[in-house]
2 protein chains.
Amino acid sequence: MASADQPSFTSRVPEGDDRERPVCDTCGFIDYQNPKVVVGSVASWDGRVLLCRRAIEPRRGFWTLPAGYLELNEATADGALREAWEEARAELEIERLLAVYTILRLSQVQLIYRARLVRPEVSPGPETLECGLYAWDEIPWQEIAFPSVHWALGHWRSTLGDDGFAPFANPPGETGRMERPQGL
Amino acid sequence: MASADQPSFTSRVPEGDDRERPVCDTCGFIDYQNPKVVVGSVASWDGRVLLCRRAIEPRRGFWTLPAGYLELNEATADGALREAWEEARAELEIERLLAVYTILRLSQVQLIYRARLVRPEVSPGPETLECGLYAWDEIPWQEIAFPSVHWALGHWRSTLGDDGFAPFANPPGETGRMERPQGL
């Protein structure tokens with residue numbers, strides 16, 4: 001047993017279950033863990049894409065798309081709109097679901113929408129150092145925060161002028177591991 | 001404080017956070033809660049749709065699509081294939097993402113794929129009383145388990161012969177509440 005007043009979890013199979021779950025040695029609470037949903041967008045204005053430089057870890061100082069965890073009682077497209085507002089004070093119109101990525105290492109399901117900015121004014125929210133609209137050739141490719149940002153930008157570009165695409169999944173062989181060499 | 005060895009949660013804002021979270025009075029564990037992901041499919045063979053009669057609550061005895069919670073470290077399409085196997089011993093090929101529904105009341109995000117059966121043989125798994133392939137007019141509409149099963153079947157039918165559709169969301173005004181009258 002752990003000392004009193006401290007959570008301490010051991011992995012075991014609860015009665016009536018068929019998988020190991022973290023169970024607290026102190027209080028018996030079963031911590032059922034499930035994949036988490038991240039919602040975000042590739043939002044553009046006149047061919048330029050909204051990017052945000054992260055003010056928080058992980059990957060502080062690197063560039064990302066506006067995205068974050070879906071909250072309880074929130075529809076996925078609404079979550080993508082909220083994140084764009086929180087991170088870049090950007091107002092979007094959702095066009096279409098661009099991609100569903102699975103980051104196995106983090107058990108994350110990422111739903112990334114293709115969106116249009118309603119107007120081109122953006123400004124950094126509290127989790128963002130700076131943000132702006134970037135033409136394809138201006139994107140800071142060497143300072144992208146996560147592999148899935150590369151994927152989403154590439155998939156976004158491949159859909160320009162196409163309104164019949166199915167949502168993309170991870171590129172073949174890609175799991176989202178940071179150690180893997182990142183293609184542009 | 002709760003009595004020892006019992007989890008007992010109070011909702012409060014943890015230090016450094018901006019939302020209330022359930023915190024255990026006994027051990028201090030913070031139970032971050034997030035929406036859960038359900039993966040499933042409308043799987044067909046020669047125009048007939050795979051349906052399963054539930055052997056478990058909720059809605060035991062009612063008909064549903066093969067679907068269930070995504071597990072940790074599982075890609076979404078793989079989860080849909082697993083559920084079809086577990087519930088109906090069905091082997092599928094995923095065609096395309098049919099819909100992303102949000103059930104706000106349950107904080108569920110449902111990813112429903114359009115799929116083809118690889119062969120028409122199916123048989124009930126442990127959570128299924130019976131299963132089979134149903135032509136549109138044979139579907140037991142009065143005994144459907146959940147509103148989102150109605151949505152998915154309707155959306156599936158509207159995409160027949162169409163390979164350019166975007167994934168559907170909830171029908172307008174529909175939240176997935178069971179009390180709401182269910183259209184066919």
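This is a predicted model: local features need pLDDT of at least 70, side-chain atom pairs count only at pLDDT 80 or more; totals for chains, interfaces and linings use all residues.
**Fold of chain A**

Chain A contains nine strands and two helices, and read from the N terminus its elements follow the order β-β-β-β-β-β-α-β-β-β-α. The C-alpha trace of chain A extends over about 60 × 35 × 35 Å along its principal axes. Of the 184 residues in chain A, 47% are buried. When contacts in chain A between residues at least 6 apart in sequence are considered, 60% of them join residues at least 24 apart.

Strand β1 (residues 9-12) of chain A pairs with β2(A) in the antiparallel sense, over four bridges. Within this pairing, R12(A) has R21(A) in β2(A) as its bridge partner. In a regular strand the side chains alternate between the two faces of the sheet. Strand β2 (residues 21-24) of chain A is covered on both faces, with R21(A) and V23(A) buried on one side and P22(A) and C24(A) buried on the other. R21(A) therefore counts as buried, under the 20% limit of relative accessible area, and R21(A) is also the residue that R12(A) meets as bridge partner.

**Contact between chain B and chain A**

The size of an interface is often given as the accessible area lost when the parts come together. For chain B and chain A this buried area is about 3,200 Å², of which 60% lies on carbon and sulfur atoms. Chain B contributes 39 residues to the contact and chain A contributes 40 residues. Between chain B and chain A there are 10 residue pairs in polar contact, counted with both residues at pLDDT 80 or more, whereas the number of salt bridges between chain B and chain A is zero.

On the side of chain B that touches chain A, the elements that give two or more residues are β2 (21-24), β3 (36-45), β7 (92-103) and β8 (108-117) of chain B. Among the contributions to this side of chain B, the largest share is that of β7(B), with four residues. By residue class, the side of chain B that touches chain A consists of 20 nonpolar, nine polar and 10 charged residues.

**Salt bridges**

Side chains of opposite charge can pair when their charged atoms come close. Over all chains, the whole structure holds 18 salt bridges, and three of these pairs are set out in the table below.

| Salt bridge | Closest N to O distance |
|---|---|
| R53(A) and E130(A) | 2.8 Å |
| E93(A) and R116(A) | 2.8 Å |

The salt bridge of R53(A) with E130(A) has its closest N and O atoms 2.8 Å apart. Because R53(A) belongs to strand β4 (residues 48-54) of chain A and E130(A) to strand β9 (residues 128-134) of chain A, this pair ties together parts that are 77 residues apart in sequence. R53(A) is partly exposed at a relative accessible area of 23%, and E130(A) is partly exposed at 35%.

The salt bridge between E93(A) and R116(A) links strand β7 (residues 92-103) of chain A, which holds E93(A), to strand β8 (residues 108-117) of chain A, which holds R116(A), the two residues being 23 residues apart. E93(A) counts as partly exposed at 40% relative accessibility, and R116(A) is partly exposed with a relative accessible area of 39%.

E91(B) counts as partly exposed at 35% relative accessibility, and R119(B) is partly exposed with a relative accessible area of 35%. Turning to shared partners, salt bridges join E93(A), E95(A), R114(A), R116(A) and D163(A) into one network.

**Backbone geometry**

Most residues other than glycine have a negative phi, and most peptide bonds are trans. In chain A, a cis peptide bond with omega of about -5 degrees joins E57(A) and P58(A), and P58(A) is placed in the loop between β4 and β5 (63-64) of chain A. In chain B, E57(B) and P58(B) are joined by a cis peptide bond with omega of about -5 degrees, and P58(B) is in the loop between β4 (48-54) and β5 (63-64) of chain B.

R89(A), although not a glycine, has a positive phi of about 50 degrees; R89(A) sits in the loop between α1 (76-88) and β7 of chain A and is partly exposed, with a relative accessible area of 30%. R59(B), likewise not a glycine, has a positive phi of about 65 degrees. R59(B) lies in the loop between β4 and β5 of chain B and counts as partly exposed at 25% relative accessibility.

How values were computed: Residues are numbered from 1 along each chain as its sequence is written. Chains are lettered from A and ligands numbered from 1 in the order in which they are written. Side-chain values use heavy atoms; hydrogens and water are left out. Contact means heavy atoms within 4.5 Å. Buried area is the accessible area (1.4 Å probe) that two parts lose on being put together, summed over both. A salt bridge is a side-chain nitrogen of Lys or Arg within 4 Å of a carboxyl oxygen of Asp or Glu. A polar contact is a pair of N or O atoms within 3.5 Å; within protein, one must be able to donate a hydrogen and the other to accept it, and residues adjacent in sequence count only if both atoms are side-chain atoms. Ala, Val, Leu, Ile, Met, Phe, Trp, Tyr, Cys and Pro count as nonpolar, Asp, Glu, Lys and Arg as charged, and the others, Gly among them, as polar. Buried means under 20% relative accessible area, exposed over 50%, partly exposed in between (1.4 Å probe, protein chains only). Two strands pair if DSSP finds at least two bridges between them.
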